[in-house]
Amino acid sequence: TTDKATTSPQTLYGDYDAYSNTNSDIVSGRSALVAQDITHEVTEVKGTLTVEARVTTSNPITTGKKGWFLDLLTPAGANSGERMIANPRVRNGRALFVSIVPGSDPCNPGGKSRLTELDLVTGSKPTDPPFDLNGDGKIDANGLVEITLADGTKQRVAPTGISLIVDYATSPGVIASSTADYVYITGDDRDRTDTNPLRGEDLQGVRRSPGDNARGRQSWRQI
């Protein structure tokens, strides 16, 4: 019951590990890493779907830096209790991770889950739309969201993450095809009407772009 009230900010780290001659792990401190920040959270209607999306920075890794980090704070810098409870997945040069904000009752579904995708090496947001947001089976300009910049101008950009319909979501699984990846995430849904976890909304699929690193031969078999 006390865990849901934890106020310490949680962070995702991308650290360039190094090993000395004695094979002891050397882990960089925050001062040696580049900060990426959550800058916008927007809600848009995409076709028949209402999408809650998040946008983050793309700060470059400067000389001497040993990686990056992303604090799970709101764009205003507030802590909502967001944290990771499942392992991230590395896919074609990108990091996919699921985070949750606990609900008010630790014994029931609730809160919020998100799927986030970042460049594995830099922690930057995707440059092209990573998700099929309107459910039309295509990953195209419909996957962009509109944000308002500090000077008041509006810009359409690729989102970093999206909210999920399942609560307390688990580590993402991936099924690959020739044109897209299908990310599937299990969890629990307070609004479900069926107790079978394979029906209703206890399982969510998200169609995503496999990324540039997915091009070319990925596997083979011996005949």
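User: How many helices and how many strands does the secondary structure of the chain come to?
Analyst: The model is a predicted one. Of its 223 residues, 38% count as buried. Its secondary structure comes to zero helices and 16 strands.

User: What share of the accessible surface of the chain belongs to carbon and sulfur atoms?
Analyst: The accessible surface of this chain comes to about 12,600 Å². The part of that area belonging to carbon and sulfur atoms is 49%.

User: Among contacts between residues at least 6 apart in sequence, what percentage join residues at least 24 apart?
Analyst: The count takes contacts in the chain between residues at least 6 apart in sequence. Those that join residues at least 24 apart make up 60%.

User: Which strands stand at the edges of the open sheet of six strands?
Analyst: The pairing in this sheet is antiparallel, and the order is E5-E6-E13-E10-E9-E8. The twist averages 25° from one strand to the next. A strand at the edge has a single partner strand, so one side of it is left without a neighbour in the sheet. The strands in that position are E5 (38-46) and E8 (89-91).

User: Which residue in E13 does Thr116 stand opposite?
Analyst: Strands of a sheet pair through backbone hydrogen bonds, either parallel or antiparallel. Here E10 (residues 112-119) and E13 (residues 161-163) pair in the antiparallel sense, over three bridges. Across from Thr116, the residue in E13 is Gly161.

User: Is Arg94 buried or exposed?
Analyst: Arg94 lies in strand E9, which covers residues 94-101. Its relative accessibility is 17%, and the cut-off for a buried residue is under 20%. Arg94 therefore counts as buried.

User: With which side chain does the side chain of Arg94 make a polar contact?
Analyst: Leaving aside neighbours within four places in sequence, the residues in contact with Arg94 include Arg89, Leu118, Pro130, Arg208 and Glu117. The polar contact has a distance of 2.5 Å, and the partner is the side chain of Glu117.

User: Where is the place of Asn92, a residue with a positive phi?
Analyst: Phi of Asn92 is near 50°, a positive value in a residue other than glycine. Asn92 counts as buried, at 19% relative accessibility. Its place is in the loop between E8 and E9.

User: What is the relative accessible area of Tyr168?
Analyst: Tyr168 is placed in the loop between E13 and strand E14 (173-176). Its phi is near 50°, a positive value in a residue other than glycine. Tyr168 is partly exposed, and its relative accessible area is 27%.

User: Which residues is Leu164 in contact with, leaving aside its neighbours within four places in sequence?
Analyst: Beyond its sequence neighbours within four places, Leu164 is in contact with Val98, Ser113, Arg114, Leu115, Ala169, Ile185, Gln204 and Val206.

Key:
Residues are numbered from 1 along each chain as its sequence is written. This is a predicted model: local features need pLDDT of at least 70, side-chain atom pairs count only at pLDDT 80 or more; totals for chains, interfaces and linings use all residues. Side-chain values use heavy atoms; hydrogens and water are left out. Two strands pair if DSSP finds at least two bridges between them. Helices (H or I, at least four residues) and strands (E, at least two) are DSSP runs, numbered from the N terminus. Axes are lines fitted to C-alpha atoms, for helices over the stretch in contact, and angles run from 0 to 180 degrees between N-to-C directions. Buried means under 20% relative accessible area, exposed over 50%, partly exposed in between (1.4 Å probe, protein chains only). A polar contact is a pair of N or O atoms within 3.5 Å; within protein, one must be able to donate a hydrogen and the other to accept it, and residues adjacent in sequence count only if both atoms are side-chain atoms. Contact means heavy atoms within 4.5 Å. Accessible areas come from the Shrake-Rupley method with a 1.4 Å probe; for residues, only the protein chains shown count as cover.
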